[in-house]
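Please look over the model below with the following notes at hand.

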Amino acid sequence: MAQENIKRVKSSEIELKDRLVAVQRVTKVTKGGRTFSFSAIVVVGNEKGVVGYGLGKAKEVTDAITKGIDDAKKNLIKVPILKGTIPHLQYGKYGGSRVLLKPASQGTGVIAGGAMRAVLESVGVHDVLAKSQGSSNPHSVVKATIDALTNLRDAYTVAQNRGITVDQVFKG
């Protein structure tokens, strides 16, 4: 993951909407019987290029979701969006999950599966073609999607890194 590309955002400065991606019931078998707890993966975003994900675990579903939202607000990143889509084709990986994000023309909509769709809608992408390959575990898919979004760069950032003008990036 390109660490220099991650732009951290403070959650107090912006209005965030949260989306619940998945809730799992986890069972721990002990000598005294089964103990149930819940894990919830939550995505938050302002639908204008800021997104974050979090994992919450608790004995109750509502507590797990609340913890997930709090965790997500601590891990916000800024993503470049161009005319409602992403700047370029990008792959992302995490564990056994691999995702492909492809820019789409206006009016296409978000063509993506459940866990990816939540992340892409939270970040504010309106037109994108996405494919999830490998593991369909929602935890891994969300992290792979965030990995792909983190590695996106717009032309202005590329020009700045290379020390040239934006026009020279496209002549290249």
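1. How many of the ten residues of helix α2 are buried? Before the answer, a word on provenance: this is a predicted model, in which local features need pLDDT of at least 70 and side-chain atom pairs count only at pLDDT 80 or more, whereas totals for chains, interfaces and linings use all residues. Residues are numbered from 1 along each chain as its sequence is written, and side-chain values use heavy atoms, with hydrogens and water left out.

2. Seven of the ten residues of α2 are buried, and the helix is mostly covered; here buried means under 20% relative accessible area, exposed over 50%, and partly exposed in between, with a 1.4 Å probe and protein chains only as cover. The buried residues are A115, M116, A118, V119, L120, S122 and V123. After α2 comes G124, which has a positive phi near 100°. Helices (H or I, at least four residues) and strands (E, at least two) are DSSP runs, numbered from the N terminus.

3. Helix α2 (residues 114-123) and helix α3 (residues 138-150) have axes that come within 8 Å and cross at roughly 40°, the axes being lines fitted to C-alpha atoms over the stretch in contact, with angles from 0 to 180 degrees between N-to-C directions. The two helices are therefore oblique to each other, since angles under 35 degrees count as roughly parallel, over 145 as roughly antiparallel, 65 to 115 as roughly perpendicular and the rest as oblique.

4. Four salt bridges are found in a search of the whole structure, each being a side-chain nitrogen of Lys or Arg within 4 Å of a carboxyl oxygen of Asp or Glu. One of them pairs E47 with K17, whose closest N and O atoms are 3.5 Å apart; this pair links distant parts of the chain, with E47 in the loop between β2 (33-45) and β3 (50-58) and K17 in strand β1, 30 residues apart.

5. E47 also forms a salt bridge with R19, at 2.7 Å between the closest N and O atoms. Because E47 lies in the loop between β2 and β3 and R19 in strand β1, this pair ties together parts that are 28 residues apart in sequence.

6. The side chains of R19 and E121 meet in a salt bridge as well (2.8 Å, N to O). E121 lies in helix α2 and R19 in strand β1, so parts 102 residues apart in sequence are tied together. Through shared partners, salt bridges join K17, R19, E47, R117 and E121 into one network.
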